[in-house]
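Biologist: I would like a close look at a single part of this model, taken slowly and with the terms spelled out.

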Amino acid sequence: MKAMESSQNFPMMGKVEVDETYLGGQDNKALGRNEGNKKIMVVGIERGLGGVSRWYGRVIETASKINLGEFVTDHIDKDAQVKTDCWNGYKGI
C-alpha cells in the first residue's frame, strides 16, 4: 500500500470526473447518504483519448465540502475541467 501512495506530483489535468461512492456489502442501516457501516470513497478519473489516463481514490469520513475539497486540491490541477454529480459538497470547490 505504501508503494501505491501518491506523491501528489502529478495532478490530473484536462477532463476529470469526480464522484463519491459507498463501499461495503448490504447494510439495511444505509439509506440515502446515511452510510451505516459502509465506508465512503471519493474517486477522480482523468479522461484521455483512449479512455482513462489515470485515477486517484481516497476513503473519506463524510462527503463534505472540506473532505471533497482536500481530495480535489491534492489530486486535480486547478485548470482541469471537472465534472461532478452536483452534490452540495462540490459547490464552491
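Which residue in E2 does Glu 20 stand opposite?

Modeller: Glu 20 stands opposite Val 42 in E2. This is a predicted model, in which local features need pLDDT of at least 70 and side-chain atom pairs count only at pLDDT 80 or more, while totals for chains, interfaces and linings use all residues. Residues are numbered from 1 along each chain as its sequence is written, and side-chain values use heavy atoms, with hydrogens and water left out.

Strand E1 (residues 15-23) pairs with strand E2 (residues 39-48) in the antiparallel sense over 9 bridges; strands are DSSP runs of E of at least two residues, helices runs of H or I of at least four, both numbered from the N terminus, and two strands pair if DSSP finds at least two bridges between them. These two belong to an open sheet of 4 strands with mixed pairing, in the order E3-E2-E1-E4. Strand E3 (51-60) and strand E4 (81-83) stand at its edges with a single partner strand each, so one side of each is left without a neighbour in the sheet.

Returning to Val 42, and leaving aside neighbours within four places in sequence, its contacts (heavy atoms within 4.5 Å) include Val 18, Glu 20, Tyr 56, Leu 68 and Phe 71. Val 42 is also, with Val 16, Val 18 and Ile 76, among the residues touching the most other members of the largest nonpolar core, which has 14 residues. Such a core is a set of buried Ala, Val, Leu, Ile, Met, Phe, Trp, Tyr and Cys residues joined through side-chain atoms within 4.5 Å, buried being under 20% relative accessible area with a 1.4 Å probe, protein chains only. H1 gives the most to this core, with 3 residues.

How values were computed: Buried means under 20% relative accessible area, exposed over 50%, partly exposed in between (1.4 Å probe, protein chains only).
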